Amino acid sequence: MIAICPGSFDPVTVGHVDIFRRAAAIFDKVYVAVMHNPKKNPVFTEEERVDLLRRTTAGIDNIEVECFDGLLTSYAAHKGAGVIVKGLRAVSDYEYEFQMALANRRLNPGLETVFLTTSAENMFLSSSVVKQIASFGGDISSFVPAEVCDIISERLRERLSQKGSESI
C-alpha cells in the first residue's frame, strides 16, 4: 500500500523523521510530500525543503520526497495512495487533523487517514519551536536531523541577522 506524509516541513525536525521511519515500516511506499501553504511564510523554498528531506531520508529505501501544489486528495489519486499519514503531538493537533481527515474523505472516499502519535521525547517539538529557539541563538542540534543541522542553523541565523539589520 502507498502512503503520503504531507506537510510544510519548514524545517524538518527529528519528530518528522520519526514519523517517516515508522510509516516506512508499515507501508510499501511512502511519499513525503512538501506542500505549498499560502498561509505560511517559509524560511526555506520548496526545493530547499525537498533537498533537506532527501538528505534526511536517504537511508530509507521506500521513501520518496516530492513537492506538490493543490489538493492533497488529487495528489494522492495521482500517486495511487490509499493512506495519508499524519503525526500527532497533542490533542490540539488531533482536532485540526480530524477535520482535515473528514474533508479529505469527503473529497476521496477511498482515502484513509492514519494518525501516528509522536514519541514522548518529541511531543513539544515543531518547526515553529525550532525557528523560535534558533532566532534567539539557541542550539537546535537535538531538534533537527544531524545530516541537515548545519544548513538549517545557518539559514535561521541569516534570517535572524536580516531581521536585526532591518530594525536599525
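A salt bridge is a side-chain nitrogen of Lys or Arg within 4 Å of a carboxyl oxygen of Asp or Glu. The structure is a predicted model, in which local features need pLDDT of at least 70 and side-chain atom pairs count only at pLDDT 80 or more, while totals for chains, interfaces and linings use all residues. Residues are numbered from 1 along each chain as its sequence is written, and side-chain values use heavy atoms, with hydrogens and water left out.

**View A. The salt bridge between R155 and E48.** The closest N and O atoms of R155 and E48 are 2.6 Å apart. R155 belongs to helix α6 (residues 149-166) and E48 to helix α2, so the contact ties together parts that are 107 residues apart in sequence; helices (H or I, at least four residues) and strands (E, at least two) are DSSP runs, numbered from the N terminus. A single network of salt bridges with shared partners joins E48, R155 and E158. R155 is partly exposed, at 22% relative accessible area, and E48 is likewise partly exposed, at 26%. For these classes, buried means under 20% relative accessible area, exposed over 50%, and partly exposed in between (1.4 Å probe, protein chains only).

**View B. The salt bridge between K131 and D10.** Side chains of opposite charge can pair when their charged atoms come close. Here the side chains of K131 and D10 meet at 3.3 Å, N to O. This pair links distant parts of the chain, with K131 in helix α5 (residues 127-135) and D10 in the loop between β1 and α1, 121 residues apart. D10 is buried, with a relative accessible area of 4%, whereas K131 counts as partly exposed at 25%. Over the model, the count comes to 10 salt bridges.

**View C. The salt bridge between E64 and K29.** The closest N and O atoms of E64 and K29 lie 2.9 Å apart. E64 sits in strand β3 and K29 in strand β2, and the pair links parts of the chain that are 35 residues apart. E64 is partly exposed, with 29% relative accessibility, and K29 is also partly exposed, with 24%.

**View D. Parallel pairing of β2 with β3.** Strand β2 (residues 29-35) and strand β3 (residues 63-68) run parallel and are joined by 6 bridges; two strands pair if DSSP finds at least two bridges between them. The chain passes from β2 through helix α2 (residues 46-56) to β3 in a right-handed β-α-β crossover. Right-handed here means that, with the strands pointing away from the viewer, the path from the first strand over the helix to the second runs clockwise. V32 has V65 of β3 as its bridge partner, and V34 stands opposite C67 in β3. Of the 7 residues of β2, 5 are buried, and the strand is mostly covered.

**View E. Parallel pairing of β1 with β2.** Strand β1 (residues 2-7) runs parallel to β2, and 6 bridges join the two. A3 has V30 of β2 as its bridge partner. Together with helix α1 (residues 14-26), β1 and β2 make a right-handed β-α-β unit.

**View F. The cysteines C5 and C67.** A search of the whole structure finds 0 disulfides, a disulfide being a pair of cysteine sulfur atoms within 2.5 Å. C5 is buried, with 2% relative accessible area, while C67 is partly exposed, at 36%.

**View G. A nonpolar surface patch of Y94, F98 and L102.** Together, Y94, F98 and L102 have about 270 Å² of accessible area, where areas come from the Shrake-Rupley method with a 1.4 Å probe and, for residues, only the protein chains shown count as cover. Patches are made of residues with over 30% relative accessible area and no salt bridge, like charges being joined within 9 Å and nonpolar side chains (Val, Leu, Ile, Met, Phe, Trp, Tyr) within 5 Å. L102 is located in helix α4 (residues 91-107) and is partly exposed, with a relative accessible area of 40%.
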